[in-house]
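Good morning, colleagues. Please look at the sequence and the model on the screen while I go through the architecture, the charged side chains and the surface.

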Amino acid sequence: MDVYCLGVKNTIEPEVIGAGSLPAYLRRYYSAFDQPPLSIELDQARTIVHGAVAYARSLGFSPAPGFADTAPYLGPVRGDEPAIDFGREGKPFYVSGPHDDARNIVRTLEQSCGPDGFHYTVAMGQL
């Protein structure tokens with residue numbers, strides 16, 4: 001998830017695991033991070049995911065391939081979700097990833113937000 005700009009960048013298919021296996025799975029999945037994951041309710045996760053997708057679409061970006069197949073696992077959008085601010089400090093903020101076409105993403109942001117309507121950080125040589 002990229003709540004600053006691109007929305008859903010990747011999806012994974014659901015995995016069936018036993019309830020006793022969940023703690024070990026989570027430890028392994030989040031082992032690359034310095035901090036443990038935060039627990040949130042499904043309603044909050046659904047609000048974040050669908051809100052980030054809508055925000056990214058408003059900027060000209062579609063969710064990752066496969067999102068339509070995985071989104072139903074979150075359940076339907078109810079319409080009474082709390083408002084969440086996306087972007088950073090009131091503007092889209094793009095941080096380039098290793099597989100991004102940074103030039104194209106920045107060009108899209110220039111078209112949707114204007115030249116001063118967003119912030120970005122890219123790796124040397126990506127633009």
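The secondary structure of this protein consists of four helices and two strands, and from the N terminus the elements follow the order α-α-α-β-α-β. Helices are DSSP runs of H or I with at least four residues, strands are runs of E with at least two, and both are numbered from the N terminus. This is a predicted model, in which local features need pLDDT of at least 70 and side-chain atom pairs count only at pLDDT 80 or more, whereas totals for chains, interfaces and linings use all residues. Residues are numbered from 1 along each chain as its sequence is written, and side-chain values use heavy atoms, with hydrogens and water left out.

As for overall dimensions, the C-alpha atoms fill a box of roughly 50 × 35 × 25 Å along the principal axes. Of the 127 residues, 30% are buried; buried means under 20% relative accessible area, exposed over 50%, and partly exposed in between, with a 1.4 Å probe and protein chains only. A contact requires heavy atoms within 4.5 Å. Among contacts with a separation of 6 or more, 77% join residues 24 or more positions apart.

I turn now to the charged side chains. How many salt bridges does the structure hold? There are four, a salt bridge being a side-chain nitrogen of Lys or Arg within 4 Å of a carboxyl oxygen of Asp or Glu. One of them joins K9 and D100, at 3.5 Å from N to O. K9 lies in the segment before α1 and D100 in the loop between β1 (93-95) and α4 (102-113), so this pair ties together parts that are 91 residues apart in sequence. K9 counts as partly exposed, because its relative accessibility is 31%.

A further group of charges is D43, R46, R78 and D80, which are linked in a network of salt bridges. Within it, R46 pairs with D43, with the closest N and O atoms 2.2 Å apart. Both residues lie in helix α2 (residues 42-59), three residues apart, about one turn of the helix. R46 is buried, at 6% relative accessibility, while D43 is partly exposed, at 37%. R78 in turn pairs with D80, at 3.0 Å between the closest N and O atoms. Here R78 is partly exposed, with a relative accessible area of 47%, and D80 is exposed, at 53%.

What does the side chain of D2 reach? D2 sits in the segment before α1 (22-29), and its side chain reaches the backbone nitrogen of L6 at 3.1 Å. D2 is buried yet has no salt bridge, and the nearest side chain of opposite charge, K9, is 5.1 Å away. Setting aside residues up to four places away in sequence, D2 touches G7, K9 and A52.

Finally, Y120 and the surface. Y120 belongs to strand β2 (residues 119-121) and is partly exposed, at 39% relative accessibility. Beyond its neighbours within four places in sequence, Y120 contacts F93, Y94, V106 and L127. F33 lies in the loop between α1 and α2 and is exposed, with a relative accessible area of 55%.

Methods: Lys and Arg count as positive and Asp and Glu as negative; His and the chain ends are not counted. A polar contact is a pair of N or O atoms within 3.5 Å; within protein, one must be able to donate a hydrogen and the other to accept it, and residues adjacent in sequence count only if both atoms are side-chain atoms.
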